[in-house]
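Biologist: Before we discuss anything, could you bring the model up, so that we can go through it together one question at a time?

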Amino acid sequence: MKPSMKMGVIVLIGVFVVFYQYHLSTGVRFDQMTDFNTGGSAEESPVFSQEDVESYVRTSKWKEDMIRSAVHRVQEANGLSPDIATSLIQELLNHFNKYSALVHDVAGNNSKTARMQLSPQISSQLSPATPRVQVSSDSHPQQDFSQETLEPLYIITPTYRRPEQIPELTRMSHTLMLLENIHWLVIEDANVATSQVTRLLERTGLKFDHLTAPMPEKYKQKKGAKPRGVSNRNRGLQWIRANATNGVFYFADDDNTYDIALFDEIRRTKRISMFPVGLCTKFGLSSPIIKNGKFVGFYDGWIAGRKFPVDMAGFAVNVKFLLQRPNATMPFKAGYEEDGFLKSLAPFEPKDIEFLADNCTKVLAWHTQTKKNEASAPLDMKLYKDTNLVRLKEQIV
């Protein structure tokens, strides 16, 4: 067995030991969990107070954070590959996700009084896919169907080490933290994942996978424009094919700015949706052209014979639609990445596009492109050895 795999097994055993000790300390036995999951009448089921439920939600989040933190520490200290680390995290989470249904099942079997004690916020955390319970003036619970069941939204973000990397990922994470049922795939153009990026992702509380996908050497040596981000995005497609069954994915670069309304829009994508992107090319805009409610072409500062002359931030794809096209991929051809990928999703024609953003009349994504900064000057350790500047410089590229 490879050393990295041995460390993975050690982490796996260690995490489960900690969980077992935790359940012993809280007085909840695993046989009790089994009893809950096997059903039973409402009279036989224990009644959970709001305090119990809030405590369970907090500890569930703690478990997920502990899993990610433990595996990432082993990854950094022992050279565990990003792919093995990701697989190990997912395996651990899968084992414990089956217990996340515990609270929902118990709440479903509790008395009406217990259900009415739950605040809408806690009810939503326990089961986002279940309509929340509201209490009317006559004290009869009514179901609120205003929130539809949300399918997962996968955000694929290629990135690379540079002075602006952490600030841009920070800005983007604050947008994604406002959303529900998001899975962020942050994929670095590097051989080894940057630990500073991993720490940032862990602090967000978002579901994420931090992967690596370096550009092949033959393209790095090529003169002229290079197909940047292609290996990252293809790695994201590979992850989706291996781990997702439904939902929508979107290529969201870290140097763009996004209106939160965009993500609610693209979640409705059935096949491929498109929408305008601002601050893009010399025209300042890239968008499908709609006239009298019908598609008539594309508006973009660089058409170049492309069938789909659109920006990378200007379309989203349904996961099931992708899975039906196992050979779809993004080409290593600078300037034609979007067009090549969309054409690989054939059969699909421009007339089949789903137009979002109020029939392409609103700009919800912008190519802001943060100004590039020079690498920071090295710190004079003779002058500043024992100061706070040493730690600060570790955070600045």
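Biologist: How many salt bridges does a search of the whole structure find?
Modeller: This is a predicted model, in which local features need pLDDT of at least 70 and side-chain atom pairs count only at pLDDT 80 or more, while totals for chains, interfaces and linings use all residues. Residues are numbered from 1 along each chain as its sequence is written, and side-chain values use heavy atoms, with hydrogens and water left out. With a salt bridge taken as a side-chain nitrogen of Lys or Arg within 4 Å of a carboxyl oxygen of Asp or Glu, the number that the search finds is 11.

Biologist: Which helix holds Glu338, the partner of Arg306?
Modeller: The side chains of Arg306 and Glu338 meet in a salt bridge with an N to O distance of 4.0 Å. The two residues are 32 residues apart, and Arg306 sits in the loop between S11 and strand S12 (315–318). Helices (H or I, at least four residues) and strands (E, at least two) are DSSP runs numbered from the N terminus, and in that numbering Glu338 belongs to helix H13.

Biologist: Is Lys351 buried or exposed?
Modeller: Lys351 forms a salt bridge with Asp352, their closest N and O atoms being 3.3 Å apart. Asp352 counts as buried, because its relative accessibility is 18%. Lys351 has a relative accessible area of 67%, so this residue is exposed.

Biologist: Which residues are closest to the centre of the second largest pocket?
Modeller: On a 1 Å grid over the protein atoms alone, a pocket is an open set of points with protein on both sides within 12 Å along at least five of seven lines, a cavity is a set where a 1.4 Å probe fits but cannot get out, and lining residues have an atom within 4 Å of a point. The second largest pocket has a volume of about 1000 Å³, and strand S3 (153–159), helix H10 (230–243) and helix H13 (337–343) each supply at least two residues of its lining. Of the 37 lining residues, the closest to the centre are Arg228, Arg233, Asp253, Asp255 and His367.

Biologist: How many charged residues does the lining of the second largest pocket have?
Modeller: Here Asp, Glu, Lys and Arg count as charged, Ala, Val, Leu, Ile, Met, Phe, Trp, Tyr, Cys and Pro as nonpolar, and the others, Gly among them, as polar. The lining has 11 nonpolar and nine polar residues, and the count of charged residues is 17.

Biologist: Which strand gives the largest share of the lining of the largest cavity?
Modeller: The structure holds two cavities of 30 Å³ or more, and the largest has a volume of about 50 Å³. Its lining includes Met274, Phe275 and Pro309, and divides into seven nonpolar, three polar and one charged residue. The largest share, three residues, comes from strand S10.

Biologist: Which residues of helix H8 are buried?
Modeller: An α-helix has 3.6 residues a turn, so residues three or four places apart point the same way. H8 covers residues 195–204 and is followed by Gly205, whose phi is positive, near 80 degrees. The buried residues of H8 are Gln196, Val197, Thr198, Leu200, Leu201 and Thr204.

Biologist: What is phi of Ala357 near?
Modeller: Ala357 is found in helix H14 (residues 357–360) and is buried, because its relative accessibility is 1%. Phi is positive here although the residue is other than glycine, and its value is near 55 degrees.

Biologist: What is omega for the cis peptide bond at Pro347?
Modeller: Pro347 lies in the loop between H13 and strand S13 (354–355). The cis bond joins this residue to Ala346, with an omega of about 5 degrees.

Technical notes:
Points joined across faces, edges and corners; volume = space filled by probe spheres on them. Buried < 20%, exposed > 50% of the residue type's maximum accessible area, 1.4 Å probe, protein only.
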